[in-house]
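Please consider the structure shown below.

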Amino acid sequence: MFKIGVIGSGKGSNFVALADAVNRGQLDIEISVVISDVENAFILDRAKERGIESLYIPPGKFKTKLEPEVEQAYVNVLKKHNVDLVVLAGFMRIIKNTFLREYPKRIINIHPSLLPSFKGLEAWKQALEYGVKVAGCTVHFVDEGVDCGPIIIQREVMVKPDDTPERLHERIQVQEHIAYPEAVCLISNNAIIVEDRVVRVKE
Ligand code: GRF
């Protein structure tokens with residue numbers, strides 16, 4: 001069975017979308033473990049409710065990344081569970097070398113914009129303030145950069161004239177909950193090839 005480990009800092013709606021897809025039989029994988037850098041993150045409660053092992057690993061002294069020893073602690077847990085793929089779902093820290101070395105092209109992230117536009121925080125707000133008419137979400141592999149690894153799936157969301165950041169983010173999240181299970185499905189079925197930057201679905 002293909003195993004994933006989910007890492008998140010927040011409410012965990014993307015984790016729930018993945019878990020629901022598994023329960024509905026749409027995604028033939030096992031979610032082996034959920035890890036958070038935030039002790040009271042809702043994602044941990046949501047994992048517990050579903051009987052999935054969940055744990056908080058304190059992030060250490062940095063604000064935007066993990067200390068190398070802490071990265072190693074995350075990796076150790078993922079290794080213990082034999083995960084095939086690391087799925088970042090609202091993880092608010094940058095992944096560094098220890099992780100990337102252990103899981104090359106085996107870490108994915110979901111970002112609430114059509115990359116390469118609007119990297120970074122509150123991407124939906126950046127998009128609205130910029131005045132784009134089409135927003136969306138992107139599932140991509142994680143590499144050394146921030147929000148810039150090879151793109152696996154994108155889904156678009158039309159911006160409405162009276163949108164607020166909150167409303168736009170809500171509609172983007174609806175699309176995220178479709179895109180993330182689809183991307184995990186493709187990877188777990190070994191259905192994609194990565195050629196430099198470009199991800200292709202096998203014929
Ligand atoms: C999502 O909007 C995702 O794109 C971003 O963080 C948010 C996580 O939401 N990376 P949730 O915790 O999965 O509900």
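The buried residues of helix α1 are covered by elements that include β1, β2 (29-36), α2 (42-49), β4, β5 (107-111) and α6. Here helices (H or I, at least four residues) and strands (E, at least two) are DSSP runs, numbered from the N terminus. Buried means under 20% relative accessible area, exposed means over 50%, and partly exposed lies in between (1.4 Å probe, protein chains only). Because eight of its 11 residues are buried, α1 is largely enclosed by the rest of the structure. The buried residues in question are Ser13, Asn14, Phe15, Val16, Ala17, Leu18, Ala19 and Ala21. Just after this helix, Gly25 adopts a positive phi of about 80 degrees.

The model is predicted, so that local features require pLDDT of at least 70 and side-chain atom pairs count only at pLDDT 80 or more, whereas totals for chains, interfaces and linings use all residues. Residues are numbered from 1 along each chain as its sequence is written, and side-chain values use heavy atoms, with hydrogens and water left out.

The domain arrangement comes next. The protein is divided into domain 1 (1-104) and domain 2 (110-203), with bounds that come from an automatic or database domain assignment. The centres of the two domains, taken over C-alpha atoms, are separated by 19 Å. In the interface, 18 residues of domain 1 are in contact with 15 residues of domain 2, contact being defined as heavy atoms within 4.5 Å. About 1,400 Å² is buried between domain 1 and domain 2, and carbon and sulfur atoms give 73% of this area. Buried area is the accessible area (1.4 Å probe) that two parts lose on being put together, summed over both.

Which elements give two or more residues to the side of domain 1 that touches domain 2? They are β1 (2-7), α1 (13-23) and β4 (85-88). Of these, α1 gives the most, with five residues. Between domain 1 and domain 2 the count is zero salt bridges, a salt bridge being a side-chain nitrogen of Lys or Arg within 4 Å of a carboxyl oxygen of Asp or Glu.

Asn109 lies in strand β5 and, at 11% relative accessibility, counts as buried. Leaving aside neighbours within four places in sequence, Asn109 is in contact with Leu88, Thr138, Val139, His140, Val142, Asp147 and Tyr180. Asn109 and His140 are 31 residues apart in sequence, yet their C-alpha atoms are 5.6 Å apart in space. Ser188 lies in helix α6 (residues 165-188) and counts as buried at 18% relative accessibility. The side chain of Ser188 reaches the backbone oxygen of Cys185 at 3.0 Å. With neighbours within four places in sequence left aside, Ser188 is in contact with Phe2 and Ile29.

The charged pairs follow. By the rule for salt bridges, the count comes to 10. One of them joins the side chains of Lys79 and Glu102 (3.1 Å, N to O). This pair links distant parts of the chain, with Lys79 in helix α3 (residues 68-80) and Glu102 in helix α4 (residues 97-102), 23 residues apart. Lys79 is partly exposed at 38% relative accessible area, and Glu102 is partly exposed at 32%. Another salt bridge is formed by the side chains of Arg167 and Asp162 (3.9 Å, N to O). Here Arg167 counts as partly exposed at 41% relative accessibility, whereas Asp162 is exposed, with a relative accessible area of 52%.

Finally, how many disulfides does a search of the whole structure find? The search finds zero, a disulfide being a pair of cysteine sulfur atoms within 2.5 Å. Cys137 is buried, with a relative accessible area of 0%, whereas Cys148 counts as partly exposed at 23% relative accessibility.

Definitions and conventions:
A polar contact is a pair of N or O atoms within 3.5 Å; within protein, one must be able to donate a hydrogen and the other to accept it, and residues adjacent in sequence count only if both atoms are side-chain atoms.
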